Amino acid sequence: MDADLIVQILFAAIKTGTPLLLIALGEVICEKSGILNLGQEGMMLMGAVVGFIAAFSTGNAGFGVLAAMLMGSFMSLIFAVLVLQLGANQVATGLALTIFGTGLSAFIGSEFVGNTVQGFQPIAIPLLATIPYLGDILFKHDILVYLSFGLPITIAFVANRTRIGLILKAVGENPHAANAIGIKVLKVRYLAILFGGAMTGLAGSYMSLVYTPMWAENMTAGRGWIALALVVFASWRVGRIMLGAYLFGFASIMHLVLQGLGVDISSNLLAMMPYVATVIVMVVISADQFKEKLLAPRSLGKPFDPRDMA
Amino acid sequence: MAETLKKRHSIPRIELANITKQYPGCLANDNVSLTLMPGEIHALLGENGAGKSTLVKTIYGVVSPDSGDIIWDGKAVSIKSPSKARELGIGMVFQHFSLFETLTVSQNIELCLTPLQLTKIGNLASSITALSEKYGLNVDPDSYVHSLSIGERQRVEIMRCLVQSVKLLILDEPTSVLTPQEVSGLFQVLRTLAQEGCSILFISHKLHEVTEVCQQATILRAGKVIDTCEPAKETPASIAKMMVGELAEQDAGYSKKEGLHTVFSMTSLNLATKHPFGTSLKDISFELKAGEILGIAGVAGNGQDELMAIISGEDERNTGAALALEKQSIGQLSAAQRRKLGMAYVPEERLGRGAVPDMSLTENTLLTHSQGFIKSGIVQWKPLTDYAKKLIAQYKVKCHGEFSEAKSLSGGNLQKFIMGREIGQNPKVLVCAHPTWGVDVGAALAIHQALLRLRDQGAAILLVSEDIDELFLLADRMAAVCDGHLSPVVKTLDTSIDEIGQWMAGTFIHSPSHHSEETTA
């Protein structure tokens, strides 16, 4: 295998891993606050379609991204109101959100199928892009990928080094205790859910504006689910999420790579790779329950109603 | 000491005037008034449901009263939230600790402080160390809370209040989870704090502690202040009388019995815990005889939960011959199969394990009494409801009726029901955790007598409790657990609270290095 091919593969792995990374970063914040939002797939599709329509109508990809993030937040707001205010079951509500988003995005996007937009163009970063190999892999991407390089560092810093991160962790571990010491649990959870929604919307717009600059029904193809698995795979650690996202990205493009190398395997079989990888990873992780229990936010998925405190 | 302090500060630290709080179907506080002077240790007494918790939650800003005034240092205030309470200088140590296990001690404390307080304190870790030395709290700021014992966690909670230079410290049943030695350490800390002018409001069920450490006491019954007294001038019996309103039979001293043949035995059981914060069981052996009560003392989290789970079969790992019922190995049987052989089980956690919260009492009865009430797969509702009614009447369970959901009952009442249900099976072996935890004095007496009757009928009873007084009262033989080890089993009459207390702290474990290795395993 020549060096050029390897560079191309790694470049593509990063591109493919980016939407997974964006969703997982949003979801990890959400889960740290104790909320499991399974609506990622639906939110992502809504972000993708709204982002596409906004960019297509205005001719400005930036507007598209903004609209997608707003849409993602709006979808997650629905989730938040149902789960936090009305005490709905998180799992069921998340699943409903996915089904809702899948259907609604197909409906409002039907007129736009077949169109294409001018998405973000790659920007080669001066000097850095000229580094042999590394420059080609890392520094010839578009603006959203660069953003996704900076976000994990910021999020890891906030989560591990600041009071905000401490509060988030406290709320996710023991909301009753957090409430007792005067932390506004619902407010923290609202913000975490909204942040997760915005990130997923952003990932959706990446799909429809950069990855394949067009809209097609169900174009995210289960990436929302993979990102959810990724959070568990990374045991809620930001650094591992980044690594995992690129690994999954790599698994997703395996079939292209192997075809390029002339290996004769059915492409359908190879396209299953990321999903198979997800299942395997989940099984391996769950086998070590001890570790999972220690690292998982302890109140994950459990409802909290401050009115019960009285 | 308290007298001179009172004279110096004639303004009370806090005054509650006519506090009333109505919950749907229950008047939790009815015109409650209470005055606390600086440097005073004040006991708040009452049975379960008397309104003690509601009252302290009102002071701490968790509950807002329907009417009434709170006067703090001579000024009327309204305490709308816990953060407002802390701003005034009110700190509270909860019965179920409000600590975060995955954070360190200093992170836990930091969370409670405002950014302003943090800047004022400067280096939090060193100020924790300084306070720790001053009051003998022995708290390391960098340890993770999940690695601390219950007593240490309580000290962290107290530290959390001290860091904020608290003027009123509220403790909700602080001693219920401590070994006797830890209790005296706690009292020392409280006395030192009081001498410095900090007021302390102390909720307890244990009357001898109240007479030992408190200068004033307020007694609540059904939401009203029934009486106030100076505990030093009273006896536990006279205070109990005020609480219950009738002459409570205090520690009548039941007769002890010798067990007959061995019914149940555990032999050299070693079992690694499945839970990151759990305790592994280490080489546990004991025999349980017909017609005796064997009491196991210990501070919570020393392996009791694991022991209970493996005996009941809830922990499904096959322990083979390590567990034997009437010389038959039962370690391979499921929980249901063990029940069929005549074992009954009262878990610590009532809602969720002892009873299904959303199911009625009748349905909950069916769960462990399936034999008699199911014929060819069909539930016999009539005899079942009759039986549930009988249990409710016999154990004086306060509820709307046999169709009340389990979760609608108070903890104590549900406990009475579950105890009744299990005793009603006439089991050969009854395994029972904290039988009277959270149950009021009158009901506890009823449960005690039911247990003793069962024993006298020849059942073998294993009693796991944190309440050492209760164990001494009921158990014929006793042992203690510490860190997954079981102490020697001795006759209750041949031991003392002091010896059991030391065993609870692990003095029976001879080689300390061996012991510390195993805890990390």
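This report walks through selected features of a predicted model with chains A and B.

## Reading the model

Because the model is predicted, local features are used only at pLDDT of at least 70 and side-chain atom pairs only at pLDDT 80 or more, while totals for chains, interfaces and linings use all residues. Residues are numbered from 1 along each chain as its sequence is written, and chains are lettered from A, with ligands numbered from 1, in the order in which they are written.

Helices (H or I, at least four residues) and strands (E, at least two) are DSSP runs, numbered from the N terminus.

## Transmembrane regions of chain A

Let's start with a record. An unreviewed UniProt entry places the feature "transmembrane region" at several stretches of chain A, including residues 65–84 and 190–209. UniProt positions follow the numbering used here, feature names are shortened, and annotations may be inferred rather than shown by experiment.

What does the model show there? Residues 65–84 of chain A are 100% helix and 0% strand, with the end C-alpha atoms 27 Å apart. Residues 190–209 of chain A are likewise 100% helix and 0% strand, and their end C-alpha atoms are 28 Å apart.

## Two pairs of helices

Two packed helices are described by the angle between their axes and the distance between the axes. Here, axes are lines fitted to C-alpha atoms, for helices over the stretch in contact, and angles run from 0 to 180 degrees between N-to-C directions. Angles under 35 degrees count as roughly parallel, over 145 as roughly antiparallel, 65 to 115 as roughly perpendicular and the rest as oblique.

In chain A, the axes of helix H6 (residues 143–161) and helix H11 (residues 238–260) come within 9 Å and cross at roughly 155 degrees. H6(A) is therefore roughly antiparallel to H11(A). H6(A) brings A:Pro152, A:Ile155, A:Ala156 and A:Ala159 to the contact, and H11(A) brings A:Val238, A:Gly239, A:Ile241 and A:Met242. Residues are in contact if their C-beta atoms, placed from the backbone, lie within 7 Å. By class, there are 7 nonpolar residues, 1 polar and no charged. Ala, Val, Leu, Ile, Met, Phe, Trp, Tyr, Cys and Pro count as nonpolar, Asp, Glu, Lys and Arg as charged, and the others, Gly among them, as polar.

In chain B, the axes of helix H6 (residues 124–135) and helix H7 (residues 150–163) come within 10 Å and cross at roughly 110 degrees, so H6(B) is roughly perpendicular to H7(B). The contact joins B:Ser127, B:Ile128, B:Leu131, B:Ser132 and B:Tyr135 of H6(B) to B:Met159, B:Leu162 and B:Val163 of H7(B). These residues divide into 6 nonpolar, 2 polar and no charged.

## A sheet in chain B

Strands of a sheet pair through backbone hydrogen bonds, either parallel or antiparallel. Chain B has an open sheet of 4 strands in the order E2-E1-E4-E5, with antiparallel pairing. Two strands pair if DSSP finds at least two bridges between them. At the edges are strand E2 (26–36) and strand E5 (75–77) of chain B, each pairing on one side only.

How many bridges join E1 (residues 14–23) to E4 (residues 67–72) in chain B? There are 5. B:Leu16 stands opposite B:Ile70 in E4(B).

## Buried and exposed residues

A residue is buried if 20 or more other C-beta atoms lie within 10 Å of its own, exposed if 12 or fewer, and partly exposed in between, with C-beta atoms placed from the backbone. A:Leu20 lies in helix H1 (residues 3–32) of chain A and counts as buried because it has 28 C-beta neighbours inside 10 Å. B:Gly46, in the loop between strand E3 (41–45) and helix H2 (52–59) of chain B, is buried too, with 25 such neighbours. The C-alpha atoms of B:Gly46 and B:Thr218 are 8.5 Å apart, although the two residues are 172 residues apart along the chain.

Most residues other than glycine have a negative phi. B:Ser376, however, has a positive phi near 45 degrees; this residue counts as exposed, with 4 C-beta neighbours inside 10 Å.

## Where the chains meet

The contact between the chains takes 16 residues from chain A and 20 residues from chain B. On the side of chain A, the largest share, 5 residues, comes from H7(A). That side has 10 nonpolar, 3 polar and 3 charged residues.

Technical notes. Contact = placed C-beta atoms within 7 Å.
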